[in-house]
Each structure stands twice: as C-alpha cells, then as structure tokens.
Amino acid sequence: EALISSFTAVSAAIIIMIAFSFVPAAITIFVVKEREIAAKHQQMISGASIYAYWSGSYAWDICMYMVPWISTCFFVRVFGIEAFQGENLFPVCLLFLGYGFATIPFTYCLSYLFKSHSTAQNLILLINFLT
C-alpha cells in the first residue's frame, strides 16, 4: 500500500513538472516575438515607459498563470493524491504559486539570449524540464 502511494505521488509530481515546464515556454514566445518585430520599441517611441511595459507584461503573464495554477490545485484535490492532501495541500499550492511568480521574471531574463521565438520556446522548455 505504501509503495503504491509513493509511486502515485512521484508519478504525479513528474507529470506536474512536465506540465509546468510549458508555462515559461509559452511566455517566452511573446517576449521574443515582440523584440523580433520591434513592438516594444514602438511602444517606447509612443511614450510608454519601460516600467509600464514590463509591469504590464508581468501582470498579464501572472493572470495567465492563474489558470494552470488553479487547475492544478483543483485536480490535486479532486484526484486525492495522498502525498499532496491534508496539511500538505496548502503548502503544495503555495509552492506552485511561488513557482509562477519566480519563473516569469527568470524567463524574461533568459529571453534576451534568443533572436528567434521558436528557438526560445524550445530551449526554455528544455531548460525548465531539466531543472
């Protein structure tokens, strides 16, 4: 019984890790694409401040992150993965939330390494999957 429970918890953790690896990869596409087509430059010329640009991007990405975060917390609860239940549910959901708040700025920093949005998406996905 304990072995099956441990196997289920590890399997769920791996699947969640894979799913959450796609979030920063999706964010990277838009940041690099905006740089490719000079959309950020056009906004700066139009009078938008750099602070407004990045805080707006961050706010949007956090709002988009809320969908997978809420879904994951919901499904962890619904499927009753024993290792994530009870007193562990709140810390696990808080950990997932913290991941979103941390990975979005990290992804912004990594996006400067790429000139192509498709290369950026693939390599950011790989980096997040491996780490």
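**View 1. Overall build of the predicted model.** Buried residues (under 20% relative accessible area, against over 50% for exposed and in between for partly exposed, with a 1.4 Å probe and protein chains only) make up 32% of the 131 residues in this protein. This is a predicted model, in which local features need pLDDT of at least 70 and side-chain atom pairs count only at pLDDT 80 or more, while totals for chains, interfaces and linings use all residues. Residues are numbered from 1 along each chain as its sequence is written, and side-chain values use heavy atoms, leaving out hydrogens and water. The protein has five helices and zero strands; here helices (H or I, at least four residues) and strands (E, at least two) are DSSP runs, numbered from the N terminus. Its radius of gyration is 18 Å, well over the 14 Å that the globule rule gives for 131 residues, so the protein is more spread out than a compact globule. That radius is taken over C-alpha atoms, and the rule is 2.2 Å times the number of residues to the power 0.38. Along the principal axes, the C-alpha atoms fill a box of roughly 65 × 25 × 15 Å.

**View 2. The largest nonpolar core.** A nonpolar core is a set of buried Ala, Val, Leu, Ile, Met, Phe, Trp, Tyr and Cys residues joined through side-chain atoms within 4.5 Å. Look for Tyr65, Trp69, Phe84 and Phe96, which touch the most other members among the 22 residues of this core. The elements giving two or more residues to it are α1, α3 (50-79) and α4. Setting aside residues up to four places away in sequence, Phe84 touches Ala9, Ala12, Ala13, Ile16, Val76, Leu89 and Val92 (contact means heavy atoms within 4.5 Å).

View 3. Helix α5 (residues 117-130) has 14 residues and spans 20 Å from first C-alpha to last, close to the 20 Å expected at 1.5 Å a residue, where the expected span is 1.5 Å times one less than the number of residues. Ala120, Ile124 and Asn128 are buried in α5. Seen down the axis, the buried residues of α5 fall within an arc of 50°, so they line one face of the helix; the arc is that of the directions from the helix axis to the C-beta atoms. These buried residues pack against α1 (2-36) and α4 (89-111). A second, separate core of five residues includes Leu110, Phe114, Ala120 and Ile124.

**View 4. The cysteines.** The structure holds zero disulfides, a disulfide being a pair of cysteine sulfur atoms within 2.5 Å. The sulfur of Cys63 lies 16 Å from the closest cysteine sulfur, in Cys73, too far for a bond. Cys63 is partly exposed, at 48% relative accessible area, whereas Cys93 is buried, at 12%.
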